[in-house]
Amino acid sequence: MRHRGHQLRKGKMMEGQRHIILLSGVSGAGKSTISHVFEELGYRLIENVPNVVLPALCAEFESNPAYELTVIIVEIRHAKHAIEILRSFKGLKSHFVLLDCNKAELLTRYRLTRHVHPLQAKGYPLEECLQMDEQSMKEVRPLADVYVDTTGLSTNELRHFSLCLLYTS
């Protein structure tokens, strides 16, 4: 795990600027698990927002206190553009949380859960989907405020880590 000093504590998010968390990562790394933790803590979740509508959404975030605790979840292929958009809004403080996992574990997770990678619906084999995710990871990892490798973490351990991320720094 790498943490750039950005505090994601819930208490800190109440001060001043609107704080928006952008959550992304390779498919199968645990975005859904962490999303459920945020939701249970009262965060508003917005999933798979097209980047073309993100500027209008950010303008709403700046002006509407209902979006004080918001997590935007995007596929890793769209994360670079999404974080650039978020960071261009001066009234928002964005925190980019990026999840990764090694290929062997991802293959095991897909086999055990029988989930389908989102790109498989477009006809790509799983191995190629994971390679595309890996390439996207190389592009966005330097932009992450918090980078988490979930390899070897159980669902409960990832949930616990999420809570620690929010309430400690």
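## Largest pocket

A pocket here is an open set of points on a 1 Å grid over the protein atoms alone, where a 1.4 Å probe fits, with protein on both sides within 12 Å along at least five of seven lines, and lining residues have an atom within 4 Å of a point. The volume of this pocket is about 740 Å³, a volume being the space filled by probe spheres set on the points, which are joined across faces, edges and corners.

The model is predicted, so that local features need pLDDT of at least 70 and side-chain atom pairs count only at pLDDT 80 or more, while totals for chains, interfaces and linings use all residues. Residues are numbered from 1 along each chain as its sequence is written, and side-chain values use heavy atoms, with hydrogens and water left out.

## Lining of the largest pocket

At least two lining residues come from each of α1 (31-40), α3 (76-87), α4 (103-113) and α6 (155-167), with α4 giving the largest share, six residues. Helices are DSSP runs (H or I, at least four residues) numbered from the N terminus. By class, this lining holds 11 nonpolar, 14 polar and seven charged residues.

## Second largest pocket

The second largest pocket holds about 150 Å³ of space, and its lining includes Val26, Asp100, Leu130 and Lys138. Two or more of its lining residues come from each of α4 and α5 (126-140), and the largest share, five residues, belongs to α5.

Methods: Ala, Val, Leu, Ile, Met, Phe, Trp, Tyr, Cys and Pro count as nonpolar, Asp, Glu, Lys and Arg as charged, and the others, Gly among them, as polar.
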